[in-house]
Every structure is written in structure tokens, then in C-alpha cells.
Amino acid sequence: MSIIHMPEARPGTVPVPPAAPPRRRLHGVRRDTLVDAAGAAVTGVCVSALLFGRLAALSGPIGFVVVAYGVFILVYAVLVSLRDDGPAIRDAVMTAMLTSAACLAFAALVLVITFTIWRGRTALAHANFFTQDMSKAGPLAPITVGGVAHALVGTLWMIGIALILSVPLGLVCAVYLDQTRSRPALFVRTIVEAMTALPTILAGLFIYASWILTLGYQESGLAAALALSIMMLPYMIRTSDLVLRLVPNNIREASSALGAPRWRTVWHVVLPTARSGLATAVILATARGIGEASPVLLTAGFTTYINADPVHGPMVSLPLEALKLVASGEPTYVVRGFACAALLLFLILALFALARFIGGRGPGHLSRGQERRALRASAGDARRLARAASPGGM
Amino acid sequence: MGTAEAVLPATPTPGAVPVPRRIGARSGAGDRAFLAGTRLAALVVVGVIASVGLFLAVRAYPALAVAKWRFFTTQAWEPDIHHFGIGGVLIDTVLIAVVAIIVAVPVSLGLSLFISEIAPRGLQRVFVSLVDLMAAVPSVVFALWGLDFLQGHVIDIARWLSTWFGWIPFFHVTAPGVSSPLSSSSVYSASTFVVGLTVSLMVIPIACSVMREAFSQAPVGEREAAYALGSSRWGMITSVVIPFGKGGIIGGTMLGLGRALGETIAVYLIISPTYQINWHILQSGGHSISALIALQNGDADSFGISALMAAGLALFALTLLINFGASAIVARSRSGAESDG
């Protein structure tokens with residue numbers, strides 16, 4: 001951040017060019033820091049290894065890590081204090097602690113993902129896991145019988161219906177928030193923001209109270225899809241609202257200045273500019289909807305058969321199936337449950353990769369193909385204008 | 001196609017008083033239909049959201065009419081004999097959320113400061129998308145992990161805490177023979193503590209993304225000024241970034257609290273349900289409103305369902321209150337909501 005200027009030559013004196021001081025590195029990590037940190041880390045692990053089982057009656061992997069970490073921070077502070085004074089020591093120690101908080105969070109994420117895949121690996125290795133349902137697989141059936149095809153079918157139906165319901169409504173509502181700056185819009189935005197963090201089970205409970213109890217329909221995939229779309233709707237609106245706000249005002253004004261009515265400005269300028277961000281919003285809402293078990297728990301019922309009819313009969317989704325299988329406690333079911341969760345994770349990772357692929361760019365930034373198309377279009381326009389301007393044209 | 005009517009005045013004759021031009025544009029039929037359509041969509045959205053609360057309230061009425069205010073104090077769930085209430089469950093819900101927040105807030109604070117201040121510029125986007133990914137990992141996956149992995153490893157910590165810090169009321173464990181080192185560890189499993197730790201993993205990404213957004217909006221000028229006055233990076237963070245991001249810290253914490261209060265699956269899978277208040281967070285037993293709904297839903301008659309709706313209504317009101325507060329705080333601290341390219 002800081003900038004070091006070379007001293008300017010004073011007028012009247014002859015500038016002395018040689019003996020330029022070595023340039024300080026302003027960015028990156030200094031070698032001393034790395035050496036200190038490595039030394040402190042080794043000390044921490046060694047002290048912990050000595051204490052655990054040799055000098056003191058301590059045990060357990062988590063305790064080991066905690067002791068090692070405490071020693072690491074202490075030794076690191078001492079090592080830095082050999083060279084620097086107060087503020088620098090605090091800076092070094094806090095940098096180490098902030099970094100380790102980040103490491104802790106990411107380690108937990110990696111641990112959760114790898115543990116899920118690892119626990120489900122035996123079921124994931126068999127093709128029948130993806131092609132059969134659980135109707136023939138009793139608690140004692142080997143892992144080569146039965147699978148979660150019924151949950152996969154259910155998830156696809158539910159998320160498909162939920163997307164059809166929530167994406168158009170959410171998008172239009174986001175456009176409303178974008179187009180009006182009135183008090184009602186503020187009210188809508190506040191309500192939507194508060195609803196994004198609504199407990200998901202309440203979406204299920206609402207559909208249960210209205211669709212199933214009041215209107216008298218059965219528990220079905222459609223009911224679950226309704227619950228999911230209620231859960232996804234505020235999320236969809238909020239993310240698309242954020243994306244639409246990023247569309248620069250000057251191009252909207254340019255469109256209005258050319259005489260376009262508002263709906264044309266929205267349709268031809270705002271939405272295309274925000275296209276990649278909106279796609280990301282849809283994909284992230286999908287990822288969220290796919291993984292949610294609690295709305296489905298109340299509204300879809302439970303079945304072990306493949307049911308391809310979302311309107312009649314119970315249906316089950318991947319997260320619900322994983323939940324029920326693990327909750328049963330039967331060893332083979334637990335393995336299948338973890339495999340089911342791993343499958344869900346793969347789906348979400350794929351959606352995420354897709355979102356990064358599509359939405360990696362800011363609003364208005366074009367991919368290479370889009371850029372080429374835009375260039376071609378403007379070259380065509382230029383030709384057309386030139387033809388119109390030339391006396392023989394038109 | 002244009003309907004914006006900017007009527008250009010005829011070239012003003014010298015001496016004539018210029019008539020002020022009408023600046024606003026009269027919207028055409030297309031625009032009116034367009035605006036009406038978007039307004040309709042917003043109305044539908046608000047209507048759906050309002051009907052969530054409405055339906056819960058209508059369905060909850062029979063149970064609430066029977067239970068009256070005792071609904072908030074009774075520590076039991078026996079709707080069949082009209083003896084039910086969320087007195088215990090509500091407190092246990094809050095306990096789980098508090099454990100989750102106590103663990104999650106320092107971690108997400110560190111994580112968000114790391115991403116916005118310490119991480120190299122090139123890696124920032126990678127870390128941000130990792131946090132987004134963590135937010136997208138389904139709660140059922142965290143719950144399975146908490147049940148099958150975390151619980152086994154946390155028991156040692158719980159035993160250590162209750163042995164050495166048992167004099168703190170929350171860490172006290174009361175069970176026959178628990179002080180013996182050979183006692184079964186099952187008294188430490190299925191506890192509020194384990195669930196709180198699991199839920200904290202779901203809170204971290206939510207709190208972190210709100211905090212990081214607030215931190216990244218701390219103005220560059222003040223940062224440079226802190227450095228120019230000789231501040232270290234940590235000094236700059238404490239004197240510029242954290243004061244500017246205070247709204248984000250509070251808002252992120254409250255949003256995380258709302259998430260933790262409503263978590264269903266982790267509680268459903270891990271905890272062994274009790275309907276009394278269990279202040280001893282390390283000891284087996286606890287509950288939450290959402291898990292109560294999920295567990296009791298299957299075998300409830302119509303009055304039982306009504307009682308569950310009442311519990312859901314209480315949860316709805318609680319989280320809505322917290323979320324409104326959070327978004328108000330975040331919105332007040334937000335600046336530069338629009339961009340100009």
C-alpha cells in the first residue's frame with residue numbers, strides 16, 4: 001500500500017546516481033516472517049508431541065492441535081519480538097490468527113466434503129446406486145442392491161417445477177425493485193431481505209397448512225416444489241436485485257436519451273447487460289433449493305419407489321433420502337445415505353462450476369465470443385450507415 | 001417506437017419569454033402495462049410472504065385458544081391432553097443458536113478480515129467463491145458430518161470442559177457416576193454443544209459474506225491515511241476497517257443468529273429431544289422449534305398439527321424480528337448501492 005519515492009535531486013547539487021539503496025519489496029511475504037512462522041510451528045508441534053503421552057497425561061487429537069497452536073502463537077510472538085517492537089508484534093500475531101481462522105473454516109469445509117465422499121465411497125462405486133430405487137433393498141440387503149434413482153428423479157421434478165415458478169416471478173419482482181424508487185419498493189425490498197433468512201421448515205409448514213390441509217391435496221412432489229419455490233423466491237429476488245443494481249446508470253440514460261420506453265430499456269439494455277449475473281443468481285438459487293431437506297420433509301411424503309408423477313403419490317428428494325437413510329442407523333443404509341449426500345454435493349459442485357463459468361464476469365463484460373459477435377454487429381451497422389449516407393444508397 | 005416526448009421549442013425568437021419545457025416523459029401504453037406487470041409481480045410476492053404468516057396464524061389459533069399464555073411457559077409437548085408449550089423448547093433453541101454464534105462469529109470475523117485485508121489480491125476471488133460454496137453446501141451434509149464425525153471427537157472436549165470448568169453452570173453435567181473417569185461418554189453425546197458446533201459451520205459463510213462486504217467498502221483514503229501515519233496493517237484494520245464495518249459485523253451476526261435459530265436438519269438428526277429446559281449445554285438432551293415440527297409432524301392429529309403451527313408461528317415471529325433488525329442495521333451501514341460505469 002505505501003509508496004516509496006526516490007528522493008529528488010535538489011537544484012544546484014550534482015545528482016549522485018550510484019549507490020542506489022536496494023529496492024525494498026513492498027508486496028508479498030518477507031522471508032523472515034516465513035522462517036519465524038515455520039520455526040514457531042515446528043516448536044508447537046514438538047512441544048505438543050512431548051506433552052501428549054510423554055510428560056503429561058493428555059490425549060486426543062483436538063487437544064493436541066489446540067496445545068500446538070497455543071505454543072505456536074506464543075513462540076511466534078517471541079521470535080518476532082527479537083527483531084521488532086510492539087505494534088509490529090501485534091501485527092504479526094494478529095495476521096497469524098486471522099490467517100488461522102481462515103484456515104480453520106476452509107479446513108472444516110474440505111473435511112466435510114471429503115468425509116462425506118469417503119463414507120459413501122463403497123455405495124458410489126456400484127452402478128446400481130444410480131439406476132435402482134430402494135424398494136427391493138431391505139436393511140440387510142448388500143450394497144449391490146438398491147440405489148437412489150427415485151430420489152434423483154424426485155429432486156429433478158421438484159427443482160424443475162420450483163424453478164419454473166420462482167424464476168420468472170423473482171425476476172419480474174427484481175425488475176420492479178430496480179425500476180421504482182418509491183416507498184412501496186423499499187417496503188418490498190425490506191420484506192424480501194427479511195424473508196431470505198426465514199427458517200426453511202416454515203416454507204414447508206406453510207404449504208402443509210395451505211395446500212395440504214386447507215385445499216385438501218395430497219403430499220406430493222408438486223407440494224414439495226411449491227415449498228421449495230417459496231423458499232427460493234426471496235433468495236432469487238435478492239440476488240437478482242443486487243445484480244441489476246450493478247448495471248451502470250449511464251447506459252440506461254443513454255437508452256432513454258435515444259427515446260426508448262422503459263420496457264425496451266429493461267429488455268434490450270438492463271437485462272442483457274446483467275445476463276451473466278442473473279444466470280449466476282438462478283444457478284445459486286437452484287443449488288440452494290436442491291440441498292434443502294426440511295421443506296420437503298413436511299410436504300413430499302416418503303417412498304422407496306420411483307415415482308415420475310409429481311402430482312400424485314409421495315416423492316422423495318436427495319437430501320431427504322440421505323437424511324432418512326442415515327437416521328435409520330442401519331450400517332448399509334448409513335453408507336447409502338452418505339453416498340446420497342455425496343451425490344448431492346457433486347450436483348452442487350457442478351452447479352457452482354457452471355455459475356463461475358457463466359458469471360465470472362462483471363455486468364457488461366463480454367466473453368470473447370460475445371465480443372466478436374458485437375464487433376461483427378457494429379461493423380454491419382457501420383456498413384449500413386455508410387451505404388445509407390452514400391448518394392447511391394437506399 | 002419512442003414515446004418519450006421531448007417537444008423541442010421552435011427556435012426562440014429574440015425577446016420572447018422562453019416557455020419552460022416539460023421535462024418528464026409521458027409514459028406510453030407499453031410502459032404503463034410494463035410497470036403494472038412488475039407491480040403485480042411484487043404484489044404477488046408480498047402476498048405469498050404475508051400469507052405464510054397468515055396461514056400459520058389461522059391454523060395455530062385452535063391450539064393457542066386452548067393453551068393461552070401458558071403456551072410460552074409450559075415445558076412439555078402432549079397436545080393430546082392439552083398440555084403443551086414451547087417454554088423449554090424455545091430456550092433450548094436459543095441455547096443452540098448462542099453456542100453456534102459464539103463459535104461462528106470469531107471465525108467468520110477472522111475469515112472475512114483475512115479475505116478482505118490479508119489474502120493476496122489474486123486469491124481473493126477464489127476465497128470468496130469458497131465461502132459461497134460453503135454457504136451452498138446443504139445443511140443435511142453438515143448434519144451428517146456432525147452426527148458421524150464431529151460428535152465422536154467432541155466428546156473428549158466436552159468431558160474436559162465439564163471436568164475443569166464444571167463450576168460454570170452451563171458446563172455442569174449432572175448424571176449418575178459422571179465424575180468417574182470410566183463413566184460412559186454417552187451423557188456427552190446428542191447435546192446442545194455438538195449441535196451448536198455443527199450449526200456454526202452453516203452460520204460462518206452467511207456471517208462472513210456480510211462482514212466481508214462491509215469491510216471491503218472501507219474507504220481507500222482512510223486506509224492510506226492510516227498507513228501514512230505509520231500504522232501497521234493490524235493498526236489500520238482496528239482504526240479504519242473495523243469501525244467502518246461495524247454495521248456489517250452486527251448485521252452479519254444477527255443474520256447468522258436467524259439462520260441458527262431456524263436450523264432443522266442438524267438438530268433433527270443429532271439431538272436427543274427433551275421438552276424441559278436443559279441449561280447444561282454439554283449434557284445430552286435439548287431441542288429446537290424447527291426440529292420439534294419436523295419430528296412431531298408425522299404422528300400428530302389435527303389438534304397436534306395446530307399446536308405445531310403455533311410453534312412455527314412463534315419461530316416465524318422470532319426470526320422475522322431478528323432479520324428485520326439485521327437488514328436495517330446492514331442497510332444503514334451500506335453506502336454506494338448504485339454504481340456508475
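Colleague: Is T95(A) buried or exposed?

Modeller: T95(A) counts as buried, because its relative accessibility is 19% and the cut-off for buried is under 20%. Bear in mind that this is a predicted model.

Colleague: Which element is T95(A) found in?

Modeller: Helix α3 of chain A, residues 86-119, holds T95(A).

Colleague: What lies 2.6 Å from a polar atom of the T95(A) side chain?

Modeller: That is the backbone oxygen of D91(A).

Colleague: And leaving aside neighbours within four places in sequence, what is T95(A) in contact with?

Modeller: Two residues of chain B, I118(B) and R233(B), once those sequence neighbours are set aside.

Colleague: On to the interface, then. How many residues of each chain are in contact?

Modeller: 88 residues of chain A and 88 residues of chain B are in contact. Between them the two chains bury about 8,000 Å², and carbon and sulfur atoms account for 76% of that area.

Colleague: How many salt bridges does the rule find across the interface of chain B and chain A?

Modeller: The rule finds one salt bridge there. Its partners are R119(A) and D148(B), with 2.6 Å between the closest N and O atoms.

Colleague: How many residue pairs are in polar contact between chain B and chain A?

Modeller: The count is six residue pairs, with both residues at pLDDT 80 or more.

Colleague: Which element gives the largest share of the chain B side?

Modeller: Helix α1 of chain B, residues 29-67, does, with 19 residues on the side that touches chain A. By class, that side of chain B has 54 nonpolar residues, 22 polar and 12 charged.

Colleague: Changing topic: what does the domain assignment give for chain A?

Modeller: It gives domain 1 at 31-118 and domain 2 at 149-363. Taken over C-alpha atoms, the centres of domain 1 and domain 2 of chain A are separated by 41 Å.

Colleague: How many residues does the contact take from each of those domains?

Modeller: Four residues come from domain 1 of chain A and five residues from domain 2 of chain A. The area buried between the two domains is about 430 Å², with 91% of it on carbon and sulfur atoms.

Colleague: Which residues in domain 1 lose the most area to domain 2?

Modeller: I113(A), T116(A) and I117(A) do, and together they make up 88% of what the domain 1 side buries.

Colleague: How many salt bridges or polar contacts are there between the domains of chain A?

Modeller: The salt bridge count between domain 1 and domain 2 of chain A is zero. On the side of domain 1 that touches domain 2, the residues are three nonpolar, one polar and no charged.

Colleague: What about secondary structure in chain A?

Modeller: Chain A has 16 helices and zero strands. Of its 394 residues, 46% count as buried. Among chain A contacts between residues at least 6 apart in sequence, 68% join residues at least 24 apart.

Colleague: And what does the secondary structure of chain B come to?

Modeller: Chain B comes to 11 helices and two strands. From the N terminus on, the order is α-β-β-α-α-α-α-α-α-α-α-α-α.

Colleague: What share of chain B counts as buried?

Modeller: 51% of the 341 residues of chain B count as buried. For chain B contacts between residues at least 6 apart in sequence, 73% join residues at least 24 apart.

Key
Residues numbered from 1 in each chain as written. Chains lettered and ligands numbered in written order. Predicted model: local features only at pLDDT ≥ 70, side-chain atom pairs only at ≥ 80, totals over all residues. Heavy atoms only, no water. Domains from an automatic or database assignment. Contact = heavy atoms within 4.5 Å. Buried area = accessible area lost by both parts, 1.4 Å probe. Salt bridge = Lys/Arg side-chain N within 4 Å of Asp/Glu carboxyl O. Nonpolar A, V, L, I, M, F, W, Y, C, P; charged D, E, K, R; others polar. Polar contact = N/O pair within 3.5 Å; in protein donor to acceptor, adjacent residues only side chain to side chain. Helix = DSSP H or I, 4+ residues; strand = E, 2+ residues; numbered from the N terminus. Buried < 20%, exposed > 50% of the residue type's maximum accessible area, 1.4 Å probe, protein only.
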